Amino acid sequence: MLNLERLRTLDALARHGSVSGAAEGLHVTTSAVSQQMAKLEREAGQRLLTKNGRGVRLTDAGRLLAEHAARILSQVALAQSDLEAQRGEVVGELRLGAFPTAARGLFPAALSRLRSRHPGLRAATSEMEPASALRAVLRGDVDVAVVLDWYNKRLPVPGGLSRAALLDDPADVALPAGHPLADRDEVDLEEFADDDWITWGDAEFCHEWLLDTLRSKGVEPRIAHRAEEHATQLALVAAGLGVCVAPRLGRGPLPEGVRTVPVRQAVRRHVYAVWRADADRRPSIRAAADALRAAGEELG
């Protein structure tokens, strides 16, 4: 008989492409992955891995079994969902992930609602960027993730995921109080062509959005500073070191010396929850989506 946990290890190795990646995704050591694969090879009676430079790759038999493993694990998840749905109770553990401003702006109200309505449900949360959150949902490390699209840039979402819209989040430009445009009722992004920009980490989805948007308006942005947290970005604005895009979700009070001005052509983020489609019937997933949606409606 093929062991389910060893099939899970093979599936992780096939998806991550390396022993270290599989170990990170499964939250185990690389030695544990190697041991599980050695046992699975004995069960299968065939070599599943072969050396590839300093790493490994799947053999033909390994790829074939990995395809079956993905289907088996999906069917197991579906069976678990059906059992939970048949029981009809919102209980057990639920893992949620969200980008930082959504974690700050949505999780407190949503989790309080879940705890008061479903005391048998234990929720755990993590902050993670949208692309990482999608990967975590696909791996099964997170049950529900809160991610985003920009109004003019979609986040690539793989197949096999369900989604629920939560809210539209307007964004303004944050600028020092002494900036020539600080007293305007509205601004256009291209008016900041000569300003230094404070943005997110390199290659992050929101950073790429800002570059694409400004370049589409004929502006090559001068990126002066990068910071993951909006609070850090706003602190740099307060110091007169540049301007930044400031979404309203989870923003909190502005530092002294910072003004925010709406953009004439509305800049919005579309915030939504995603989960694996094979977990669609789990009452805990539905309860979490409802609680997040209610938290979003309160902000609207």
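Predicted model: local features only at pLDDT ≥ 70, side-chain atom pairs only at ≥ 80, totals over all residues.
Me: What is the volume of the largest pocket?
Reply: The volume of the largest pocket is about 770 Å³. On a 1 Å grid over the protein atoms alone, a pocket is an open set of points with protein on both sides within 12 Å along at least five of seven lines, and lining residues have an atom within 4 Å of a point. A volume is the space filled by probe spheres set on the points, which are joined across faces, edges and corners.

Me: Which residues are closest to its centre?
Reply: Of the 32 lining residues, Arg8, Ala77, Arg139, Gly140 and Arg276 are the closest to the centre of the largest pocket.

Me: Which helix gives the most to that lining?
Reply: Helix 4 does, with eight residues. Helices (H or I, at least four residues) are DSSP runs, numbered from the N terminus.

Me: And the second largest pocket, which residues are closest to its centre?
Reply: That pocket holds about 260 Å³ of space. Of its 16 lining residues, the closest to the centre are His27, Met128, Ala136, Arg139 and Asp141.

Me: How many cavities of 30 Å³ or more are there?
Reply: The structure holds one, and the largest cavity has a volume of about 80 Å³. A cavity is a set of points where a 1.4 Å probe fits but cannot get out. Its lining includes Trp200, Glu204, Cys206, Glu228 and His230.

Me: Changing topic, at what angle do helix 6 and helix 10 pack?
Reply: Helix 6 (residues 107-117) and helix 10 (residues 283-299) pack at about 135°, with their axes 8 Å apart. Axes are lines fitted to C-alpha atoms, for helices over the stretch in contact, and angles run from 0 to 180 degrees between N-to-C directions.

Me: Which residues meet there?
Reply: Phe107, Ala109, Ala110, Arg113 and Leu114 in helix 6 meet residues of helix 10 including Ala287, Ala291, Leu292 and Glu298. Contact means heavy atoms within 4.5 Å.

Terms used:
Residues numbered from 1 in each chain as written. Heavy atoms only, no water. Helix = DSSP H or I, 4+ residues; strand = E, 2+ residues; numbered from the N terminus.
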